[in-house]
Structure formats: C-alpha cells, structure tokens
Amino acid sequence: MTVERPPQDPAALLHRRQRILAPLDLELGRGLEIGPLYQPVALKAECDVRYVDVHRTRGLREYYAAHPGTPVDDIVEVDFPLVVGDRTRSLAEATATAGPFDWVVASHVIEHVPDLIGWLADIADVLVDGGRLSLAIPDRRYSFDARRPPTTVGQMLLAHQHGDTRPSVRAVFDHHHEAVTVDAQAAWDGRPGRETTMFPLETAHHMAVRAMTEDTYMDCHVWLFTPRSLVRQLQVLARLGLADFTVASVDPTAVDTLEFFAVLQRMPRDLDPADRARLVDEGFVLPTDHVRPEPEPDPRFVTSQITRREQALLDSKRRVSNRLKGLLGRG
C-alpha cells in the first residue's frame with residue numbers, strides 16, 4: 001500500500017494533532033478515532049477515546065510487517081475491529097457497547113473508503129446530533145495523486161449503488177497508472193511530469209485485472225479531493241439526501257504541504273424538510289485556497305509605475321522639446 005505519512009518531527013506532529021483536534025471539545029463526552037494505526041491523533045491519556053480499525057491489532061501487525069518502514073510494534077490496541085471471523089460489521093454494530101459518540105476523528109481515511117456515501121452514513125449513525133467528524137485529507141494536487149483525474153459525485157453514486165466493499169477497478173487502475181513520486185514542495189512548484197510516474201502501464205493493467213478477478217482488497221486512494229471540491233461534493237450529496245452533514249470549517253492546504261483539515265457536523269435527526277434545506281444552503285461555505293506568496297521584487301530592478309496623467313504630461317513635454325530642437329536646428 002502506498003501512503004502519505006504525516007510529519008515525523010515531534011513538534012510538527014504536535015502541531016498537526018492540534019490542528020485536527022482544536023475544533024473538538026475533547027472534554028465533552030466520548031470520542032472515536034477511525035484507523036489510528038501506529039500514530040493516533042486522539043490519545044487515551046488525554047481524552048475518552050476508543051479506536052476502531054478493520055482488523056484486530058494482531059491482524060494489523062501481521063499485515064503491515066510486509067511494509068518496510070511501518071513501526072508495527074507501535075500499532076495501537078484496537079478496541080473495535082470491524083472484521084470478526086468472515087463477517088464485516090457496520091460501524092454502529094462494532095461500537096454498539098460504547099456509542100453514541102460526541103466526536104469522531106479520521107486522519108487520511110476518507111480517501112481510502114470504497115463506498116464514501118455508506119461510510120458517511122455509518123459515522124452519522126454513531127454520532128450524536130451536532131456531533132463532529134474531524135478529518136485530515138491529502139490534497140490531490142500536492143500528493144502522489146497530482147496527475148490523477150478528479151473523482152466525481154457520479155462515481156460516488158455508482159460505488160454506493162454497487163455496495164462496494166473493496167476499491168473499484170477504476171480506482172486501482174488510476175492509482176497505479178498515474179501515481180507519481182513527488183514531495184509536496186515539488187508539487188507546489190508545478191504539476192509533476194510523466195517521468196515521475198511510480199509504475200509502468202503493464203503494472204497498472206496487471207493490478208486492474210487482479211481487481212476484476214480476485215477477491216483481494218487492494219488499498220489505494222479511491223477518492224481525490226481539494227478543499228473546495230470536498231465542500232462542493234458534500235453539498236451535492238446533502239442536497240440529494242445522501243449525507244447528513246454540513247461543513248463546519250475547512251483549514252486549507254498550507255503552502256508546501258500536502259494535506260488539509262475539515263470538520264463536518266452531523267445534522268439533527270428530527271429536522272423538518274424546510275430546516276434541513278436551509279442548513280444545506282448555508283452550511284457549505286467554500287474555503288479560499290492558500291497561494292504561494294510572490295517573491296519580493298529586487299529594488300535594483302523595480303520599474304517605477306506612473307499614472308496615465310503623468311504619462312500624458314511626459315509625452316507633451318517630449319513634443320515641445322522636439323519642436324524646440326527643430327527650431328534651433330533651422331537657426
């Protein structure tokens with residue numbers, strides 16, 4: 001599996017945790033973190049939080065033992081595994097003994113889920129009215145997704161109609177065909193070229209055939225977002241009655257980084273249609289993207305700016321000067 005790893009510097013990790021947790025009241029009720037793996041955002045020593053993941057801790061450690069660089073001994077103890085035996089439980093079923101929750105955290109998870117609409121519905125089921133879902137999300141423009149085409153609400157509808165439980169053939173192929181080796185700063189400098197592609201076409205085709213013919217979970221980024229596309233697409237889903245969230249806040253991607261942060265708020269369950277429509281109209285404010293500041297101009301090469309009136313005066317003086325030169329020349 002290819003993942004974007006959060007910063008490893010302790011100060012940077014602390015700052016990142018604060019950005020994800022700041023919109024939540026950790027002292028209010030109980031929280032749930034989805035997929036914390038070896039680097040949870042919400043710490044049990046600091047708040048009342050439970051951890052949920054696909055498998056039990058032992059299964060995760062066995063799986064990630066084959067992934068160099070993953071500190072498998074640091075993988076946290078999972079409170080609620082979704083897969084038990086041969087059956088995959090819903091989030092509500094898996095966490096029934098501890099829910100409902102006042103807040104949920106998911107760092108670099110939303111882009112991986114096969115059925116986004118179903119995933120949001122599962123989280124809405126376990127959140128109290130007004131509860132918050134805090135997300136850390138890779139910005140497709142500045143990650144290994146930089147060359148991939150945007151994903152659409154139509155693709156989300158199709159995945160939900162099919163009840164996808166594994167990444168689609170489309171997602172598996174697009175990842176292996178277009179994923180690039182690039183760091184965030186290089187991506188901010190310009191779209192990566194074809195020479196940075198991670199895999200040859202033959203690999204992309206092979207993986208797509210496997211996705212079609214094997215009962216194997218091939219993890220990849222299924223959904224690609226920017227801060228603005230996330231807000232637009234969630235509003236469309238809410239208008240269709242397929243998402244019970246509004247967007248409380250978005251912290252756009254900082255310059256030379258690859259992720260942004262968003263907080264979704266669960267709509268009250270007993271809203272009448274008019275109140276829901278109002279929330280959907282007002283609850284999706286588009287964020288403003290950060291842009292790289294223009295470098296300060298070198299004062300040695302700065303050209304002075306003049307107004308039209310000043311330019312006209314200069315032109316008039318030039319004409320008078322030329323006439324005087326002509327008269328003097330004839331004398």
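The exercises below, each with a worked solution, concern a predicted model.

Residues are numbered from 1 along each chain as its sequence is written, and side-chain values use heavy atoms, with hydrogens and water left out. In this predicted model, local features need pLDDT of at least 70 and side-chain atom pairs count only at pLDDT 80 or more, while totals for chains, interfaces and linings use all residues.

**Exercise 1. Strand β6**

Task: Determine whether strand β6 is largely enclosed, and find which strands pair with β6.

Solution. 
1. Helices (H or I, at least four residues) and strands (E, at least two) are DSSP runs, numbered from the N terminus. Strand β6 covers residues 101-107.
2. Buried means under 20% relative accessible area, exposed over 50%, and partly exposed in between, with a 1.4 Å probe and protein chains only. Six of the seven residues of β6 are buried, so the strand is largely enclosed by the rest of the structure.
3. Two strands pair if DSSP finds at least two bridges between them. Strand β1 (residues 31-34) runs parallel to β6 and is joined to it by four bridges; here L32 stands opposite V104.
4. Strand β7 (residues 127-138) is also parallel to β6, with six bridges between them. A106 has L135 in β7 as its bridge partner.
5. From β6 the chain crosses through helix α4 (residues 116-126) to β7, a right-handed β-α-β crossover. Right-handed here means that, with the strands pointing away from the viewer, the path from the first strand over the helix to the second runs clockwise.

**Exercise 2. Backbone geometry**

Solution. 
1. Most residues other than glycine have a negative phi, and most peptide bonds are trans.
2. P100 lies in the loop between α3 (91-94) and β6.
3. L37 is in the loop between β1 and β2 (49-53) and is buried at 17% relative accessible area.
4. D256 belongs to the loop between β8 (245-251) and β9 (259-266) and is partly exposed at 30%.

**Exercise 3. Aromatic pairs**

Task: Classify the two aromatic pairs of the structure.

Solution. 
1. Rings of Phe, Tyr and Trp (its six-membered ring) pair if their centres lie within 6.5 Å; planes under 30 degrees apart count as stacked, over 60 as edge-to-face and the rest as tilted.
2. Y63 and Y64 are 4.9 Å apart centre to centre with 85 degrees between the planes, an edge-to-face pair.
3. The ring centres of Y142 and W188 are 4.1 Å apart and the planes are at 10 degrees, so this pair is stacked. Y142, in the loop between β7 and α5 (153-162), and W188, in helix α7 (residues 184-189), are 46 residues apart.
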